[in-house]
Amino acid sequence: MAEIHPTAIVDSTCESADDVKIGPYCVVGPHVKLDSGCVLHNNVVIGGPSTFGKNNEFYPFCTIGTKTQDLKYAGEPTFLEVGEGNVFREYCNINRSTTPELKTVIGSYNNFLIHSHCGHECHVGDYNIFSGYAACAGHCEVGNWVIVSGCAGVHQFVRIGDHAMVGGYARIVQDVAPYTIVEGSPAAVRAINTIGLTRRGFAEDDIRALKFAYRKLFLYKDTGVKMEDKIAEVLADEKFGSNPHITYLVDFLRSSQRGFIH
C-alpha cells in the first residue's frame with residue numbers, strides 16, 4: 001500500500017506502486033500512474049492522464065501533468081508520459097498535450113529546477129538540466145545531455161541537439177545545433193561545448209573534429225559561402241569528415257525546419 005498522508009487528495013483512479021510516498025497537501029488527479037520509488041513531497045499537484053516511471057521525485061509546489069495552456073484545447077483526454085529518475089523542483093510546470101493523438105514526453109534522469117517549464121507536446125530526452133525559470137514553449141524537441149540555463153526562453157517547434165548548452169537569458173527562436181554553446185538575444189553560436197563533452201568522456205579526436213566543424217560552419221558568418229557548401233567541405237575532409245558526431249551534426253542541420261542558430 002502506498003504511503004499517503006491523510007491531508008493528501010488522491011483520485012480513486014490513481015494507480016501507485018506499494019512504495020510510493022505522497023506527502024502532505026498533495027493533489028493527485030484522475031488516471032495518474034506512479035511507478036515504484038516515486039516520492040511526492042508536500043503540496044505537489046499532478047494531473048492526468050499521465051504516467052510516471054520509477055524513482056521520480058516531486059518537490060513542493062511543482063505542477064506536473066495539468067492541462068495544456070494552448071487555447072485550442074477542446075477538453076478531450078490528453079497525455080503526459082514521463083520516464084524514470086527525474087527530479088521536479090519547486091514550482092516546476094509541465095503540461096499535457098493539446099490533442100489526444102500526441103503526447104508530451106519527458107525521458108529519464110532529467111533535472112527541472114525552480115519555475116522551469118515545458119509546454120504541450122514537448123519531447124525531452126534524457127539527462128537534461130532545465131535551470132531556474134528556463135522555459136520551452138509547445139512542440140519543442142530537446143535531445144540528451146542538454147543544459148538550458150536560467151531564464152532562457154525557447155520558441156515553439158524549436159529543436160535542441162544532444163550535448164548543447166543554452167546560455168542564461170538567451171532568446172532561442174531557431175534550432176540549436178548539437179554540441180554547441182549558444183547565448184545572447186538574439187542568440188548566436190559561441191563555441192563547441194568542450195567542457196561538457198570532456199566531462200562526458202568524449203575522445204580528444206572527436207572534440208577536435210567538432211571544433212573543426214565549428215570553425216567551418218559557424219565561426220565566419222559573412223564569407224558569402226552558402227551553408228550547404230560549407231557542409232560539403234566539412235564532409236569532404238579526409239581527417240574529420242567521416243566522424244559519426246560530424247554526421248549527426250550535419251544531419252541535424254539539414255533536417256531543420258525553422259532554420260538554425262549560426
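**Cysteines, a helix and its salt bridges**

The sulfur of Cys38 lies 9.9 Å from the closest cysteine sulfur, that of Cys14, which is too far for a bond. A disulfide is counted here when a pair of cysteine sulfur atoms is within 2.5 Å, and the structure holds 0 disulfides. Cys136 is likewise in no disulfide, the nearest cysteine sulfur being that of Cys140, 4.6 Å away. A disulfide is a covalent bond between the sulfur atoms of two cysteines.

The model is a predicted one, in which local features need pLDDT of at least 70 and side-chain atom pairs count only at pLDDT 80 or more, while totals for chains, interfaces and linings use all residues. Residues are numbered from 1 along each chain as its sequence is written, and side-chain values use heavy atoms, with hydrogens and water left out.

Residues are described by relative accessible area: buried means under 20%, exposed over 50%, and partly exposed in between, with a 1.4 Å probe and protein chains only. Cys38 is buried, at 0%, and Cys136 is buried, at 1%.

Attention now turns to helix α3. Helices are DSSP runs of H or I with at least four residues, numbered from the N terminus. Helix α3 comprises residues 227–236 and contains Lys230. Leaving aside residues up to four places away in sequence, Lys230 touches Lys216, Leu217, Tyr220, Lys221, Thr223 and Val225, where contact means heavy atoms within 4.5 Å.

The buried residues of α3 are Met227, Lys230, Ile231 and Val234. These residues lie on the same side of α3 because they cover an arc of only 100 degrees around the axis, the arc being that of the directions from the helix axis to the C-beta atoms. Among the elements that cover them are α2 (204–219) and α4 (244–254).

Salt bridges form the last topic. A salt bridge places a side-chain nitrogen of Lys or Arg within 4 Å of a carboxyl oxygen of Asp or Glu, and the structure holds 9 salt bridges. In one of them, the side chains of Asp70 and Lys72 meet at 3.0 Å, N to O. Asp70 is buried at 14% relative accessibility, whereas Lys72 is exposed at 65%.

In helix α2, Glu204, Asp205 and Arg208 are linked in a network of salt bridges. The closest N and O atoms are 3.7 Å apart between Arg208 and Glu204, and 2.3 Å apart between Arg208 and Asp205. Arg208 and Glu204 are separated by about one helical turn because they are 4 residues apart in the helix. Arg208 is partly exposed at 39%, Asp205 is partly exposed at 48%, and Glu204 is exposed at 59%.

Technical notes. Helices (H or I, at least four residues) and strands (E, at least two) are DSSP runs, numbered from the N terminus.
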